[in-house]
Amino acid sequence: MTNTTDPTPARPGALVVGASGITGSALVDHLLALGWDVTALSRRPLARDGVRTVAADLRDPDSLTAALSDERPTHVFFTAWQRQETEAENIRVNGGMVRDLLAALAHAPLEHVALVTGLKHYLGPFEAYAAGEMPDTPFHEEEPRLDTPNFYYAQEDELFAAAERQGFTWSVHRSHTVIGHAVGNAMNMGLTIAVQATLAKELGLDFVFPGSEAQWNGLTDMTDAGILAEHMVWAATSPEGADEPFNVVNGDVFRWRWMWPRLAAHLGVDPARVVGYQDRPRPLAEQMTPHEGAWPGIAERYGLVEPDITRLASWWHTDADLGRAMEVVTDMGKSREAGFTAFRRTERAFTDLFDRYRAERLVP
Ligand SMILES: NC(=O)c1ccc[n+]([C@@H]2O[C@H](COP(=O)([O-])OP(=O)(O)OC[C@H]3O[C@@H](n4cnc5c(N)ncnc54)[C@H](OP(=O)(O)O)[C@@H]3O)[C@@H](O)[C@H]2O)c1
């Protein structure tokens with residue numbers, strides 16, 4: 001007999017937390033394409049057809065509880081974060097957001113909660129980034145936690161405790177640098193490089209690799225936001241994905257000394273102005289900040305939609321990732337053995353993204 005008062009949705013119901021971000025927006029696209037019922041949570045409501053939006057502040061538990069009281073998702077994809085000045089604050093704020101979100105869903109028929117974290121799980125937090133004792137590369141999921149306090153560990157612990165209490169399965173997705181689409185978010189290497197190339201072309205500057213010798217010459221990998229979305233949905237819906245942490249990268253490896261000139265060519269940079277690693281890192285924060293004032297004029301000249309360069313380029317983050325004095329590669333064997341075999345070519349991930357940013361008039 002059908003219980004007509006049962007409000008559980010017939011289609012799987014996803015709540016994407018942080019839906020306007022670089023990871024969350026790719027998840028929304030993927031879930032909609034799969035026919036899921038999608039609810040999107042962020043502070044600024046997401047402008048997206050086919051999605052129900054919940055505008056709520058994860059740092060305000062009372063308003064969160066009120067905003068979610070009628071929501072009954074079966075699956076939660078947690079992709080929100082807020083960068084703080086210290087790791088102690090990151091732990092307090094970002095651990096608290098996972099705890100309060102899941103507490104506000106105590107009434108919901110949750111089956112699975114997927115949390116995206118990253119390789120700082122192995123490398124340590126930004127304030128002790130790639131310093132001290134580090135596991136050997138490629139990184140494997142079974143490595144013990146580092147001794148250093150880390151907001152990813154705090155988020156995991158909140159997730160594990162709520163899973164135990166509320167009776168859902170969980171997965172953790174340890175992503176490398178995300179190559180994806182967002183505007184006004186905290187960490188966006190693809191758009192940062194596209195903006196660097198635009199400034200270089202317009203102002204007659206060299207297109208200089210900002211990072212370390214180890215990054216220029218060593219092997220590395222990346223995570224396309226689309227494959228991250230596929231990975232999270234796979235884990236959320238497969239028995240093999242339940243109650244496990246997984247690395248998630250594209251599945252190919254490359255060296256920046258190979259990739260940098262190729263990205264330059266795609267961005268229309270004169271090959272004579274492409275400069276690789278020489279003597280020392282050349283952080284973008286040093287190279288590009290003095291030229292930020294040129295952006296509004298460039299935006300006007302080309303009819304670009306975002307005149308505020310600080311909503312496009314995250315120099316600090318690209319500097320941190322490309323400045324690591326060690327090779328960073330990530331093992332995907334655990335995911336593959338469990339049945340996730342999708343892959344992306346990283347060069348294609350970058351060039352498709354550049355084309356999308358151009359089409360949306362974010363870069364010329
Ligand atoms: N980006 C990368 O390259 C990268 C690489 C590896 C790992 N990661 C990790 O992946 C996770 C997700 O990062 P991301 O880069 O995808 O994030 P992001 O693009 O910065 O997006 C963050 C999202 O969270 C929402 N949000 C932030 N504070 C909120 C609050 N108080 N209440 C409600 N919503 C809030 C934001 O929307 P509103 O601002 O509108 O609220 C936005 O939708 C983080 O743990 C990050 O460390 C990222």
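Arg 348 lies in helix α14 (residues 346-359), where helices (H or I, at least four residues) and strands (E, at least two) are DSSP runs numbered from the N terminus. The structure is a predicted model, in which local features need pLDDT of at least 70, side-chain atom pairs count only at pLDDT 80 or more, and totals for chains, interfaces and linings use all residues. Residues are numbered from 1 along each chain as its sequence is written.

**Arg 348**

- Arg 348 counts as partly exposed because it has 13 C-beta neighbours inside 10 Å. A residue is buried if 20 or more other C-beta atoms lie within 10 Å of its own, exposed if 12 or fewer, and partly exposed in between, with C-beta atoms placed from the backbone.
- From C-alpha to C-alpha, Arg 348 and Thr 39 are 30 Å apart in space, and they are 309 residues apart in sequence.

**Ligand surroundings**

- There are 27 residues around the ligand, and Gly 18, Gly 21, Arg 43, Gly 118 and Asn 185 come nearest. A residue is near a molecule or strand if its C-beta atom, placed from the backbone, lies within 6 Å of it.
- Strand β5 (residues 112-118) supplies the largest share of this shell, three residues.
- By residue class, the shell holds ten nonpolar, 13 polar and four charged residues. Ala, Val, Leu, Ile, Met, Phe, Trp, Tyr, Cys and Pro count as nonpolar, Asp, Glu, Lys and Arg as charged, and the others, Gly among them, as polar.

- The 17 residues of α3 reach 23 Å from first C-alpha to last, close to the 24 Å expected at 1.5 Å a residue. The expected span of a helix is 1.5 Å times one less than its number of residues.
- The buried residues of α3 are Glu 87, Asn 90, Ile 91, Asn 94, Met 97, Val 98, Leu 101 and Leu 102.
- The cover over these buried residues includes β1 (13-17), α2 (61-68), β4 (75-78), β5 and α5. Two residues are in contact if their C-beta atoms, placed from the backbone, lie within 7 Å.
- Helix α5 (residues 151-166) has 16 residues, which should span 22 Å at 1.5 Å a residue, and its end C-alpha atoms are 22 Å apart, in agreement.
- In α5, Phe 151, Tyr 152, Ala 154, Gln 155, Glu 156, Glu 158, Leu 159 and Ala 162 are buried, and their cover includes α3 (87-103), β5, α4 (120-123) and β6 (169-175).
- An α-helix has 3.6 residues a turn, so residues three or four places apart point the same way.
- Gly 167, with a positive phi near 75°, follows α5.

**Nonpolar cores**

- The largest nonpolar core has 95 residues, of which Val 16, Phe 78, Leu 101, Val 113 and Met 232 touch the most other members. Such a core is a set of buried Ala, Val, Leu, Ile, Met, Phe, Trp, Tyr and Cys residues joined through C-beta atoms within 7 Å.
- Helix α8 (residues 225-237) gives the most to this core, with nine residues.
- Another core lies apart from it and has six residues, among them Leu 119, Tyr 122, Ala 130 and Val 328.
- Residues up to four places away in sequence aside, Leu 101 touches Val 17, Leu 58, Leu 64 and Phe 78.

**Backbone geometry**

- Most residues other than glycine have a negative phi, and most peptide bonds are trans.
- Thr 137 and Pro 138 are joined by a cis peptide bond with omega about -10°, and Pro 138 is placed in the loop between α4 and α5.
- Asp 279, a residue other than glycine, has a positive phi near 70°. Asp 279 sits in the loop between β13 (274-275) and α10 (284-288) and is exposed, with 6 other C-beta atoms within 10 Å.
- Arg 361 is not a glycine, yet its phi is positive, about 60°. Arg 361 is in the segment after α14 and counts as partly exposed, with 13 C-beta neighbours inside 10 Å.

**Met 332**

- Met 332 lies in the loop between α12 (315-322) and α13 (333-337) and counts as buried, with 20 C-beta neighbours inside 10 Å.
- Met 332 and Val 249 are 83 residues apart along the chain, and their C-alpha atoms are separated by 7.0 Å.
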